Amino acid sequence: MRTGREVHPIVQADVTLPGSADMSARLSDVRQRELPRHIAIIMDGNGRWAKLRGQSRMSGHHQGMEAAERIVRFVGEDLGIKYLTLYAFSTENWNRPPEEVQYLMDLIREFLDEKLKMLLENEVRLRVLGDADGVPAPIRAEIERAMKLTESNQRFHLNIAFNYGGRQEILRAVQQIVHDRLNGDLNGDPIDEALFRRYLYTADQPDPDLLIRTSGEERISNFLLWQIAYAEFWVTKTLWPDFKPEELLDAIEAYQCRQRKFGAVVEP
Ligand code: IPE
Ligand code: IPE
Ligand code: MG
């Protein structure tokens with residue numbers, strides 16, 4: 001049987017920024033205003049993108065990977081935003097056909113193999129958010145290795161949510177807090193928000209300010225349930241493989257026009 005992986009090897013994506021004057025002007029404008037410190041993206045629509053073209057779902061995931069590389073570069077280099085979280089595989093995605101699950105496992109492995117050097121050269125700290133114990137051992141080993149090797153990098157923080165579920169993350173935090181309390185490691189510390197967030201995968205990071213979902217779906221799908229409490233939500237009908245830096249600028253421009261109130265009364 002031919003696997004999707006053989007049919008669609010990962011190649012270096014064309015990640016150059018479109019050179020139009022319009023794009024540079026927009027980029028410079030958004031950079032002069034307050035940028036989100038952390039962007040989180042639900043990269044949805046790979047399957048539909050492929051179906052529209054009569055291709056396999058694997059082909060959609062392959063193109064989705066290229067779109068992700070393009071966006072990582074744009075966020076880290078052109079926008080200079082420090083934190084980006086990409087949702088790549090949810091705890092519910094195990095319910096997909098085995099060949100597709102296998103392809104997605106191969107894709108993360110290939111990403112870790114091929115991009116580690118680039119991450120190190122660009123001072124990127126990689127964190128894979130999710131239940132590492134639930135992924136096959138060789139992938140878990142590569143995840144741990146990449147996280148360890150990049151752990152002192154500070155320029156840009158790339159989180160890939162893989163075998164990630166918001167409910168699993170919260171349950172895990174509760175279990176660890178109970179464990180630490182019983183062990184006497186928490187002294188008498190109150191279990192408040194500040195303590196709780198220390199037990200999340202994103203422990204020392206700012207919460208996402210901007211949450212983007214592609215493909216027109218308007219739901220959270222178990223993503224960062226705790227962290228997105230006050231994120232600004234932006235949805236586009238664009239299918240993820242077609243998502244381009246121009247559209248990310250649309251999202252940021254919209255974000256910069258929003259008034260964030262955090263529950264308070266704020267005069268316009
Ligand atoms: C998102 O695209 C990628 C993953 C969930 C891994 P989908 O594969 O969900 O694409 P659609 O929603 O079927 O179009
Ligand atoms: C969310 O997309 C998960 C990822 C993008 C990895 P899904 O396609 O799995 O979400 P649902 O099933 O449409 O809610
Ligand atoms: Mg989907």
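1. Strand 1 is mostly covered, since five of its five residues are buried, where buried means under 20% relative accessible area, exposed over 50% and partly exposed in between, computed with a 1.4 Å probe and with protein chains only as cover. Both faces of strand 1 share in this: H38, A40 and I42 on one side, and I39 and I41 on the other, are all buried. In a regular strand the side chains alternate between the two faces of the sheet. Strands here (E, at least two residues) and helices (H or I, at least four residues) are DSSP runs, numbered from the N terminus.

2. On provenance, this is a predicted model, in which local features need pLDDT of at least 70 and side-chain atom pairs count only at pLDDT 80 or more, while totals for chains, interfaces and linings use all residues. Residues are numbered from 1 along each chain as its sequence is written, chains are lettered from A and ligands numbered from 1 in the order in which they are written, and side-chain values use heavy atoms, with hydrogens and water left out.

3. Strand 1 has partners on either hand in the sheet order, and two strands are taken to pair if DSSP finds at least two bridges between them. Five bridges join strand 1 to strand 2 in a parallel arrangement, and I42 has Y87 of strand 2 as its bridge partner.

4. The whole sheet is open, has six strands in the order 3-4-2-1-5-6, and is paired in parallel. Strand 3 (124-129) and strand 6 (232-235) stand at the edges with a single partner strand each, so one side of each is left without a neighbour in the sheet. From one strand to the next the twist averages 20°. Helix 5 (residues 98-121) packs on this sheet, touching strand 2 (83-90), strand 3 and strand 4 (156-164), and its direction makes about 160° with that of strand 4; the axes are lines fitted to C-alpha atoms, for helices over the stretch in contact, and angles run from 0 to 180 degrees between N-to-C directions.

5. The surroundings of ligand 1 deserve a separate look. The residues around ligand 1 are M43, D44, G45, N46, G47, R48, R57, H61, A88, N93, R96 and L104, each with a heavy atom within 4 Å of the molecule. Oxygen atoms of ligand 1 are approached by a polar side-chain atom of R96 at 2.7 Å, by a polar side-chain atom of D44 at 2.9 Å and by a polar backbone atom of N46 at 3.1 Å. The protein covers 87% of the 380 Å² of accessible area that ligand 1 has on its own, the areas coming from the Shrake-Rupley method with a 1.4 Å probe.

6. The residues meant are R127, which lies in strand 3 and is buried at a relative accessible area of 9%, and E232, which lies in strand 6 and is buried at 15%. The side chain of R127 makes a polar contact with the side chain of D204 at 3.1 Å, a polar contact being a pair of N or O atoms within 3.5 Å, of which, within protein, one must be able to donate a hydrogen and the other to accept it, and residues adjacent in sequence count only if both atoms are side-chain atoms. The side chain of E232 makes a polar contact with the side chain of R258 at 2.9 Å.

7. The wider surroundings of these two residues can be listed as well, with contact taken as heavy atoms within 4.5 Å. Leaving aside neighbours within four places in sequence, R127 is in contact with M147, H157, L158, N159, I160, D204 and Q205.

8. N163 has a positive phi of about 50° although it is not a glycine; N163 lies in strand 4 and is buried, with a relative accessible area of 3%. L224, also a residue other than glycine, has a positive phi near 45°; its place is in the loop between strand 5 and strand 6, and at 0% relative accessibility L224 counts as buried.

9. A last point concerns Y103, which is placed in helix 5 and counts as buried at 3% relative accessibility. Y103 and E144 are 41 residues apart in sequence and, from C-alpha to C-alpha, 20 Å apart in space.
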